[in-house]
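Please keep the structure in view while reading.

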Amino acid sequence: MPASRYARCLALVMALLVPAASTRAAAPAAPAAPSAQASVLYHNYCSVCHGDKGDGKSRATGSLSTVPRDFTSEASRRELSRERIALAITHGRPGTAMVGWKTQLSDTDINRLAEYVHTTFVTGATPPASGPISGTRAH
């Protein structure tokens, strides 16, 4: 193959590949995983009352008329299903500070949030955070 023909072929291949690579680089980022989205929803809508650990201990607890539900308790393990949690998120709980979120959250977000609360706190399926470093062993 003559050098000029080789150079033209190489230029053609490069011309075809470079736009494809730049198109891939410009593609939008993949949406966050449902569990990550649910974690953000919990932080934004629930943790102010139920606490970051789902134990009902938060800065707002003292100012509420009723104590928020402790999702980590034995009573919650016995009483709360994912469906019951979804109903409480949707419609609220009469006689408590728990308001319904059906006008602010989509059905998909409510179901994600209910699954997150049930899995993370009620059944405790996620591993707990590790304790403090002992001082004698860091690893």
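Buried residues make up 23% of the 139 residues in the protein chain, where buried means under 20% relative accessible area with a 1.4 Å probe and protein chains only. This is a predicted model, in which local features need pLDDT of at least 70 and side-chain atom pairs count only at pLDDT 80 or more, while totals for chains, interfaces and linings use all residues. Residues are numbered from 1 along each chain as its sequence is written, and side-chain values use heavy atoms, with hydrogens and water left out.

**Fold**
- The protein chain has 6 helices and 0 strands, both taken as DSSP runs numbered from the N terminus (helices H or I, at least four residues; strands E, at least two).
- Among contacts (heavy atoms within 4.5 Å) between residues at least 6 apart in sequence, 43% join residues at least 24 apart.

- Leaving aside residues up to four places away in sequence, Phe 71 touches Tyr 42, His 50, Gly 54, Ser 76, Leu 80, Val 117, Phe 121 and Val 122.

**Helices α5 and α6**
- In α5, Ile 85, Ala 86, Ala 88, Ile 89 and Thr 90 are buried, and the buried residues of α5 pack against α6.
- The buried residues of α6 include Ile 110, Leu 113, Val 117 and Phe 121.
- At 1.5 Å a residue, the 16 residues of α6 should span 22 Å, the expected span being 1.5 Å times one less than the number of residues, and its end C-alpha atoms are 21 Å apart, which agrees.
- α5 is followed by Gly 92, whose phi is positive, near 80 degrees, and α6 is followed by Gly 124, whose phi is also positive, near 65 degrees.

**Lining of the largest pocket**
- His 50, Arg 69, Phe 71, Arg 93 and Met 98 lie nearest the centre of the largest pocket, which is lined by 23 residues; a pocket is an open set of points on a 1 Å grid over the protein atoms alone where a 1.4 Å probe fits, with protein on both sides within 12 Å along at least five of seven lines, and lining residues have an atom within 4 Å of a point.
- The largest share of this lining, 4 residues, comes from α5.

Notes:
Buried means under 20% relative accessible area, exposed over 50%, partly exposed in between (1.4 Å probe, protein chains only).
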